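Here are my notes on the model, point by point. Please read them with the structure open.

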Amino acid sequence: MDIEASAKPQDIWQHRHVLDIDDFSRGEIELVMQTANAMSEVLSRPIKKVPALRGKCVFTIFWEVSTRTRGSFELAAKNLSADVVNFTAQASSVSKGESLIDTLNTVEALGADIIVMRHPISGAPYHALPYVKANLVNAGDGWHAHPTQALLDLHTIHRHRASLEGLKVSIIGDIKHSRVARSNVWCLTKMGAHVVLCAPATLLPSGLEGSCDHFPRVEVTTDITEALKDADVVMVLRLQKERMASGILPSLREFIGGYQLNAARLAFAAKDALVMHPGPVNEEIEITRAVAHGPQSVIREQVASGVAVRMALLYLLAGGKEL
């Protein structure tokens with residue numbers, strides 16, 4: 001990490017909201033990593049709680065189902081001593097036709113200081129921003145972004161690698177529809193990694209072919225062997241089965257035959273390559289069970305990192321006072 005020990009969080013952190021990684025500086029990302037390390041130490045204690053957000057109210061509002069993200073945000077807020085209200089859109093006035101803005105106004109009127117939201121429409125947090133005074137955290141919006149997932153992925157890698165500078169990170173699977181891939185491209189390249197995106201042509205986004213001024217550290221290929229060769233990190237994405245019904249892929253068997261991460265393919269990567277997956281994992285589809293639970297897998301660590309990183313973000317949004 002490059003942050004000077006004398007630097008104060010408030011001198012580095014410039015965000016009232018966390019919407020994506022594209023507007024984070026490298027220094028801010030490093031600050032999140034350092035703060036997450038401190039939160040990991042808190043989580044190692046017998047009593048996993050500090051008073052940093054005492055008196056604050058955190059609302060989680062999810063218009064899509066979630067286990068890992070929602071659960072880790074709830075734990076993160078409670079570990080910081082915040083009051084937490086979980087709000088499920090399907091069981092609320094949203095089902096009666098209440099709009100996104102009306103819902104956010106309602107939870108603010110109820111006392112929300114920080115709102116964590118997931119929405120199926122890309123750009124929904126940006127649409128909501130002018131209408132809310134609370135700190136807003138994007139927990140995933142459509143195909144667009146999942147900033148906290150990218151940060152927890154980075155934190156997981158840092159547990160095994162001192163630096164990302166020069167590392168080859170291969171992301172394999174449904175790139176086109178993945179908010180995780182988009183946020184990781186911004187995050188990983190900003191920290192010095194070389195990213196290879198690999199998928200069937202129909203699951204690759206347009207505009208990234210060859211060299212790109214915006215993403216000079218990104219390579220795009222349909223050849224999984226090329227993508228995996230000497231990779232330091234292999235990140236597998238969930239194949240969204242609904243894409244099968246839309247005709248984007250000819251068959252599940254063909255995808256498995258060409259792009260499933262198995263032991264034979266993993267052998268092309270570096271011997272100590274890390275295997276990652278944002279979850280939920282479709283075992284025996286995008287990744288075999290043996291690899292997902294093998295010695296190189298850090299998938300469970302990603303889940304644990306999610307709590308520490310989300311604690312760090314809530315802490316920084318609340319002002320970064322002493323723990």
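1. Start with the salt bridges: the structure holds nine. The term covers a side-chain nitrogen of Lys or Arg within 4 Å of a carboxyl oxygen of Asp or Glu. Side chains of opposite charge can pair when their charged atoms come close.

2. A word on the basis. This is a predicted model, in which local features need pLDDT of at least 70 and side-chain atom pairs count only at pLDDT 80 or more, while totals for chains, interfaces and linings use all residues. Residues are numbered from 1 along each chain as its sequence is written, and side-chain values use heavy atoms, with hydrogens and water left out.

3. Look at Glu 41 and Arg 45. They form a salt bridge, with the closest N and O atoms 2.8 Å apart. Glu 41 has 39% relative accessibility and counts as partly exposed. Arg 45, at 32%, also counts as partly exposed. The cut-offs: buried is under 20% relative accessible area, exposed is over 50%, and partly exposed lies in between (1.4 Å probe, protein chains only).

4. Next, Glu 74 and Lys 78. Their salt bridge has its closest N and O atoms 2.8 Å apart. Both residues sit in helix α3, four residues apart, so about one helical turn separates them. Helices here are DSSP runs (H or I, at least four residues), numbered from the N terminus. Glu 74 is partly exposed at 22%. Lys 78 is partly exposed at 36%.

5. Arg 289 and Glu 283 meet through their side chains in a salt bridge, 2.9 Å from N to O. Arg 289 is partly exposed at 47%, and Glu 283 is partly exposed at 30%.

6. Which residues are linked in a network of salt bridges? Arg 26, Glu 30, Glu 165 and Arg 217 are.

7. Now the packing of α3 (residues 68-79) and α13 (residues 299-317). Their axes come within 8 Å and cross at roughly 50°. Axes are lines fitted to C-alpha atoms, for helices over the stretch in contact, and angles run from 0 to 180 degrees between N-to-C directions. The two helices are therefore oblique to each other. Oblique is what remains after roughly parallel (under 35 degrees), roughly antiparallel (over 145) and roughly perpendicular (65 to 115).

8. Finally, the contact itself (heavy atoms within 4.5 Å). Residues of α3, including Phe 73 and Leu 75, meet residues of α13, including Val 303, Met 311 and Leu 314. By class, this contact has eight nonpolar, four polar and two charged residues. Nonpolar means Ala, Val, Leu, Ile, Met, Phe, Trp, Tyr, Cys and Pro; charged means Asp, Glu, Lys and Arg; the others, Gly among them, are polar.
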